[in-house]
Amino acid sequence: MDTFDLREGETANVGSLRELKAQAEHCKRCDLYKHATQTVFGEGPMQAEIILIGEQPGDKEDLAGRPFVGPAGAVLNESLSRAGIDRERCYITNTVKHFKFTQRGKRRLHSKPNAGEIRQCAWWLRSELKLIEPKIIVALGATAAGYLVGKAVRITKDRGTIFRPQNLPPVLVTIHPSYILRMRDRHTANAEQIKFVHDLNRLKEVLDQGRVGAAKSDIDRRNNHEPLHRMNCSANLFRSWRHARSRRNESNGSWKTQNEVHGQSQNCLARDTGQSEDPHEHEAAVAVLAISEARAL
Ligand code: SF4
């Protein structure tokens, strides 16, 4: 699959998202419109700083005509909320605007869009990006990440990383929320959602601190110093850990107390920051350990 290039290719000649959406309702650029109920276009304000891009609408979205309104949308909403990000201020869309599925009896099973369909539908994504001009893009899952960042991206390895493609705003790579829904048990799902919130926390880091430029060092930083890479996402993540902990059976001894975690964080800091006394780093180290705790579930 080609990598998305915002500079190349034409875009719709419109001045608003409303006009763009109206045009997309009649799109026949590929065959996916033939079996889907309707075009499911993006939603959100044109002034959005954040644009979240999934793969394609699901069954519920196809029927409703709106993106991320099914179970995956509920997980996304909750995760954004836990990361302190207002969904209403984000623009949410998909790489492909029509639902592709295989009919099994009465059920319609998700089917991955192919490279040709994605390429054709890039007309709309490119037009959305040009109108919105977001400060950062979130690639939800492998399809969006692969197309925006490149084939080499791997969600398991690269999630939580902010890439800087030459032709696009910075791109934060993370999972698609439907991945959490496929987890076999609740504890694993909870742990995955904490990691998802952890990834989304990086958005605030970039937007709040105006440190979009700092993202360029992400890959080096991750390779050289994994704990430090995670240190800037502290407060919300720590709240997530406490939330998850409160939902776990308190009698289970695998969870450490907050004081024990703080104690471990000091060792973590001694090892990773050269005995730093910075309270912010200390709090961040607690968050690092919180993630370790969650992964141990
Ligand atoms: S999937 Fe995209 S390109 Fe294909 S018909 Fe739908 S809107 Fe058009």
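The largest nonpolar core holds 55 residues, and Ile51, Val138, Ala139 and Val171 have the most contacts inside it. A nonpolar core here is a set of buried Ala, Val, Leu, Ile, Met, Phe, Trp, Tyr and Cys residues joined through C-beta atoms within 7 Å. The model is a predicted one, so to speak of local features takes a pLDDT of at least 70 and side-chain atom pairs count only at pLDDT 80 or more, while totals for chains, interfaces and linings use all residues. Residue numbers start from 1 along each chain as its sequence is written.

Buried residues account for 41% of the 297 in the chain. The chain has 13 helices and 7 strands, taken as DSSP runs numbered from the N terminus (helices: H or I, at least four residues; strands: E, at least two). Take contacts (C-beta atoms, placed from the backbone, within 7 Å): among those between residues at least 6 apart in sequence, 74% join residues at least 24 apart.

Now for the sheet. It is open, with 5 strands in the order E2-E1-E5-E7-E6 and mixed pairing; two strands pair if DSSP finds at least two bridges between them. E2 and strand E6 (162–163) sit at the edges, each pairing on one side only. Even so, strand E2 (residues 90–94) is mostly covered, with 5 of its 5 residues buried: Cys90, Ile92 and Asn94 lie on one side, Tyr91 and Thr93 on the other. Strand E1 (residues 50–54) runs parallel to E2 and is joined to it by 5 bridges, with Ile53 partnering Thr93.

Ala139 is a handy place to look next. Leaving aside neighbours within four places in sequence, its contacts are Ile53, Ala144, Ala145, Leu148, Val149, Val171, Leu172 and Val173. Strands E5 (residues 136–140) and E7 (residues 171–174) run parallel, joined by 4 bridges, and the bridge partner of Ala139 in E7 is Val173. Helix H5 (residues 142–149) packs on the sheet, touching E1, E5, E6 and E7, and its direction makes about 135° with that of E5 (axes are lines fitted to C-alpha atoms, for helices over the stretch in contact, and angles run from 0 to 180 degrees between N-to-C directions).

Then there is the ligand. Of the 15 residues around it, Cys27, Arg29, Cys30, His98 and Cys121 come nearest; a residue counts as near if its C-beta atom, placed from the backbone, lies within 6 Å. Helix H4 (residues 115–132) gives the largest share of this shell, 4 residues.

Conventions
A residue is buried if 20 or more other C-beta atoms lie within 10 Å of its own, exposed if 12 or fewer, and partly exposed in between; C-beta atoms are placed from the backbone. Two residues are in contact if their C-beta atoms, placed from the backbone, lie within 7 Å.
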